[in-house]
Amino acid sequence: MEILVLQNQSIFDIAIQHTGSVFNAFKIAVANGLAVSDILGPGNKLMIPGNIENNGDILNYYTAKKIQPATALVAGTIEAEKGIGWMQVGTNFKVR
């Protein structure tokens, strides 16, 4: 099955929306020559392999409620001014 990627959708969003399981993200990524961390563009086409096992309960819920998850981060949406990535061991982060 071929699907169109929506704005801010990740491969995990695609997997849950179209198969009912985030675990299928890895199979979808491989089938499309992608990594699960790749950023997808809206309108891109992806193939959902036919041999994927669906989680019917979740898939039916998403379909019935017309849920189209779009949780991908957009560049520049996270500002990391403080925290472990900002600290330098031995300067302002002491290990005892």
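Helix α1 is mostly covered: eight of its nine residues are buried. This is a predicted model. The buried residues of α1 pack against β1 (2-4), α2, β2 (45-47) and α3.

**Helix α1**
- The buried residues are Ile-11, Asp-13, Ile-14, Ala-15, Ile-16, Gln-17, His-18 and Thr-19.
- Phe-12 is partly exposed, because its relative accessible area is 32%, and the buried class ends under 20%.
- An α-helix has 3.6 residues a turn, so residues three or four places apart point the same way.

**Crossing of α1 and α3**
- Helix α3 spans residues 56-65.
- The axes of α1 and α3 come within 7 Å and cross at roughly 95°.
- The two helices are therefore roughly perpendicular to each other, as angles of 65 to 115 degrees count as such.
- On the α1 side, the residues in contact are Ile-16, Gln-17, His-18 and Thr-19.
- They meet Ile-58, Leu-59 and Tyr-62 of α3.
- By class, this contact has four nonpolar, three polar and no charged residues.

**The loop after α1**
- Just after α1, Gly-20 takes a positive phi of about 85°.
- Ser-21 sits in the loop between α1 (11-19) and α2 (25-31).
- Ser-21 is buried, with a relative accessible area of 14%.
- The side chain of Ser-21 reaches the backbone nitrogen of Phe-23 at 3.2 Å.
- Setting aside neighbours within four places in sequence, Ser-21 is in contact with Ala-15 and Ile-16. Both Ala-15 and Ile-16 are buried residues of α1.

**Aromatic pairs**
- The count comes to two aromatic pairs.
- Phe-12 and Phe-26 form an edge-to-face pair, 6.1 Å centre to centre, with 85° between the planes.
- Phe-12 lies in α1 and Phe-26 in α2, so this pair ties together parts that are 14 residues apart in sequence.
- Phe-26 counts as partly exposed, at 45% relative accessibility.
- The rings of Tyr-61 and Tyr-62 have their centres 6.3 Å apart and their planes at 70°, so this pair is edge-to-face too.
- Tyr-61 counts as partly exposed, at 46% relative accessibility.
- Tyr-62 also takes part in the contact of α3 with α1.

Notes
Residues are numbered from 1 along each chain as its sequence is written. This is a predicted model: local features need pLDDT of at least 70, side-chain atom pairs count only at pLDDT 80 or more; totals for chains, interfaces and linings use all residues. Side-chain values use heavy atoms; hydrogens and water are left out. Helices (H or I, at least four residues) and strands (E, at least two) are DSSP runs, numbered from the N terminus. Buried means under 20% relative accessible area, exposed over 50%, partly exposed in between (1.4 Å probe, protein chains only). A polar contact is a pair of N or O atoms within 3.5 Å; within protein, one must be able to donate a hydrogen and the other to accept it, and residues adjacent in sequence count only if both atoms are side-chain atoms. Contact means heavy atoms within 4.5 Å. Axes are lines fitted to C-alpha atoms, for helices over the stretch in contact, and angles run from 0 to 180 degrees between N-to-C directions. Angles under 35 degrees count as roughly parallel, over 145 as roughly antiparallel, 65 to 115 as roughly perpendicular and the rest as oblique. Ala, Val, Leu, Ile, Met, Phe, Trp, Tyr, Cys and Pro count as nonpolar, Asp, Glu, Lys and Arg as charged, and the others, Gly among them, as polar. Rings of Phe, Tyr and Trp (its six-membered ring) pair if their centres lie within 6.5 Å; planes under 30 degrees apart count as stacked, over 60 as edge-to-face and the rest as tilted.
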